[in-house]
Amino acid sequence: MNDRILEISLTVNGARVQERVEARKTLVDFLREDLALTGSHVGCEHGVCGACTVRVNGEIVRGCLMLAVQCDGAAVDTIEGLSDSGEVSDLQAAFEQRNALQCGYCTPGMITAAQDLLKRTKKVPSRDQIREHLSGNYCRCTGYHAIVDAVEAVAQARGGAKK
Amino acid sequence: MKPAPFAYKKVRTLKEAVTLLAKHKDNARLLAGGQSLIATLNMRLSAPSLLIDINGIKGLDGIAKKGKFVEVGALARHAQLERSDVIARYAPLIALAIPHIGHAAIRNRGSFGGSIAFADPAAELPACLLAMGGEVDIASAKGKRKVKADAFFKGLFETALRPNEIVTAVRVPVADKNTRVGFAELARRHGDYAIVGLAASARTNGKGLADVRLAYFGVGDTPIRVKKAEAALVDDNVDAAVNALDLDPHDDVQATAKVKRHLAGVLLRRVAAQLLEARP
């Protein structure tokens with residue numbers, strides 16, 4: 001049987017995509033190599049670092065712990081989509097203002113995970129809640145203080161109510 | 001690293017899944033949440049020839065109170081359990097444990113059945129199942145069977161599951177006003193695998209605790225009950241319970257056996273306080 005290569009069709013950042021992919025290809029490799037969406041990064045490849053965080057059907061997932069073939073029929077959002085739509089522009093500005101990034105490798109995952117928290121919580125989250133929600137995203141340059149500052153500032157500015 | 005090549009089949013029914021399993025047995029792996037499986041594929045610790053994706057099977061992700069049990073479908077995600085009123089009310093030990101499992105992105109995908117079937121010795125849910133005295137529903141092409149938690153976890157990543165079998169649901173007794181639960185875990189980073197963890201359930205009869213079940217994780221090949229300590233807690237003697245701990249952990253990358261034994265005692269005191277706290 002040749003079930004090693006399959007055809008999938010999905011939505012990525014609002015655009016229809018149809019591709020043939022190897023079953024063994026992870027979602028993040030598919031996004032980067034087949035669709036040239038290189039904003040999602042590949043760090044540890046076993047679910048620890050969070051650099052590959054993307055949204056599938058509205059929920060954040062590890063892009064390295066899902067196969068592309070599993071996303072047949074799904075709606076995938078990457079940092080490129082979140083960025084172009086303006087959904088995370090305030091988070092991006094706050095990260096820049098507060099030096100919440102240095103090399104930037106973790107930043108797409110951080111922003112995607114932070115946006116997930118801010119979308120989900122009705123009240124302004126506490127610093128502990130922010131840290132907990134970002135606990136699955138490693139930063140190896142700046143430390144987390146400025147990142148938490150940036151997310152907290154945006155949460156307060158949004159009044160905790162924005163979608 | 002990248003996974004070795006494999007074939008992929010998304011099934012729509014349980015029957016399809018068990019038929020494929022019966023044919024391919026150990027050469028096939030079931031793909032549920034994939035939060036452990038895909039990591040092991042990426043690291044080439046596992047190289048099956050076929051992945052059977054069960055995520056398309058309808059009706060395997062229910063969470064419901066059924067008589068004296070709470071039944072959780074194998075595909076129920078940790079995030080679903082985290083938000084479930086049924087779990088909060090009738091299976092509070094699970095509610096205590098879920099926030100310790102991985103991170104938000106992991107909890108969105110990881111499944112209850114997958115965690116039980118994978119049986120990582122440092123995972124939370126196998127220990128919870130053991131502490132609650134739950135049971136596991138299993139299906140194969142030949143039929144169905146149930147296995148009690150006490151008989152399910154056999155060894156390191158080894159369970160009572162045969163190669164042709166699939167976990168379909170997990171059942172735990174409904175908590176009532178006399179149920180007491182406790183949970184504590186020590187990890188280097190929130191959401192990482194435990195250095196040591198402890199899940200506990202008991203019943204109170206107004207005078208003291210009864211039916212104490214203490215299940216440690218991260219200190220052996222399986223989740224482990226400590227029956228001498230359980231008996232000491234029934235006698236209300238926390239010091240004796242700590243002294244009666246007979247765990248035999250191995251050194252691992254996180255801590256030495258000596259440190260783990262010490263921490264097991266620390267956790268027992270914390271969990272005993274939780275069990276005794278709300279006692280009338």
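Reader: Let's start with the crossing of α3(A) and α4(A): which hand does it have?

Author: A crossing is called left-handed if the near helix is turned anticlockwise from the far one by less than a right angle, and right-handed if clockwise. Here α3(A) passes α4(A) in a right-handed crossing. Please keep in mind that this is a predicted model, in which local features need pLDDT of at least 70 and side-chain atom pairs count only at pLDDT 80 or more, while totals for chains, interfaces and linings use all residues. Residues are numbered from 1 along each chain as its sequence is written, and chains are lettered from A and ligands numbered from 1 in the order in which they are written.

Reader: At what angle do α3 and α4 of chain A pack, and how far apart are their axes?

Author: Axes are lines fitted to C-alpha atoms, for helices over the stretch in contact, and angles run from 0 to 180 degrees between N-to-C directions. Helices (H or I, at least four residues) and strands (E, at least two) are DSSP runs, numbered from the N terminus. In chain A, helix α3 (residues 89–97) and helix α4 (residues 107–120) pack at about 130°, and their axes are 10 Å apart. That angle makes α3(A) oblique to α4(A). For the wording, under 35 degrees counts as roughly parallel, over 145 as roughly antiparallel, 65 to 115 as roughly perpendicular and the rest as oblique.

Reader: Which residues of α3(A) and α4(A) meet?

Author: Two residues are in contact if their C-beta atoms, placed from the backbone, lie within 7 Å. From α3(A) come Leu91(A), Gln92(A) and Phe95(A), which meet Thr107(A), Ile111(A), Ala114(A) and Gln115(A) of α4(A). By class, this contact of α3(A) with α4(A) has four nonpolar, three polar and no charged residues. The classes work like this: Ala, Val, Leu, Ile, Met, Phe, Trp, Tyr, Cys and Pro are nonpolar, Asp, Glu, Lys and Arg are charged, and the others, Gly among them, are polar.

Reader: How does α3(A) pack with α6(A)?

Author: You can read this pair in the way you read the last one. The angle between α3(A) and α6(A) is about 140°, with axes 9 Å apart, and that makes α3(A) oblique to α6(A). Their crossing is right-handed. On the α3(A) side, Asp90(A), Leu91(A), Ala94(A) and Phe95(A) meet Ala150(A), Ala153(A), Val154(A) and Ala157(A) in α6(A). Sorted by class, the contact of α3(A) with α6(A) has seven nonpolar, no polar and one charged residues.

Reader: And at what angle do α4(A) and α6(A) pack?

Author: α4(A) and helix α6 (residues 145–158) of chain A pack at about 35°, with 11 Å between their axes. α4(A) passes α6(A) in a right-handed crossing. Met110(A), Ala114(A) and Leu118(A) in α4(A) meet a set in α6(A) made up of Ile147(A), Val151(A), Val154(A), Ala155(A) and Arg158(A). Seven nonpolar, no polar and one charged residues make up the contact of α4(A) with α6(A).

Reader: Stepping back, what helices and strands does chain A have?

Author: Chain A comes to six helices and five strands. Their order from the N terminus is β-β-α-β-β-β-α-α-α-α-α.

Reader: How is chain A divided into domains?

Author: Domain bounds come from an automatic or database domain assignment. For chain A there are domain 1 (5–82) and domain 2 (86–158). Their centres, over C-alpha atoms, are separated by 22 Å. Across the boundary, 13 residues of domain 1 of chain A are in contact with 14 residues of domain 2 of chain A.

Reader: What does the radius of gyration of chain A agree with?

Author: The radius of gyration is taken over C-alpha atoms, and the globule rule is 2.2 Å times the number of residues to the power 0.38. With 163 residues, a compact globule would have a radius near 15 Å, and the 16 Å of chain A agrees with that. For chain B, with 280 residues, the rule gives a value near 19 Å, and chain B has 19 Å, which agrees.

Reader: How many residues of chain A and chain B are in contact?

Author: 28 residues of chain A are in contact with 28 residues of chain B. β4(A) gives the most to the side of chain A that touches chain B, with four residues. That side has 11 nonpolar, eight polar and nine charged residues.
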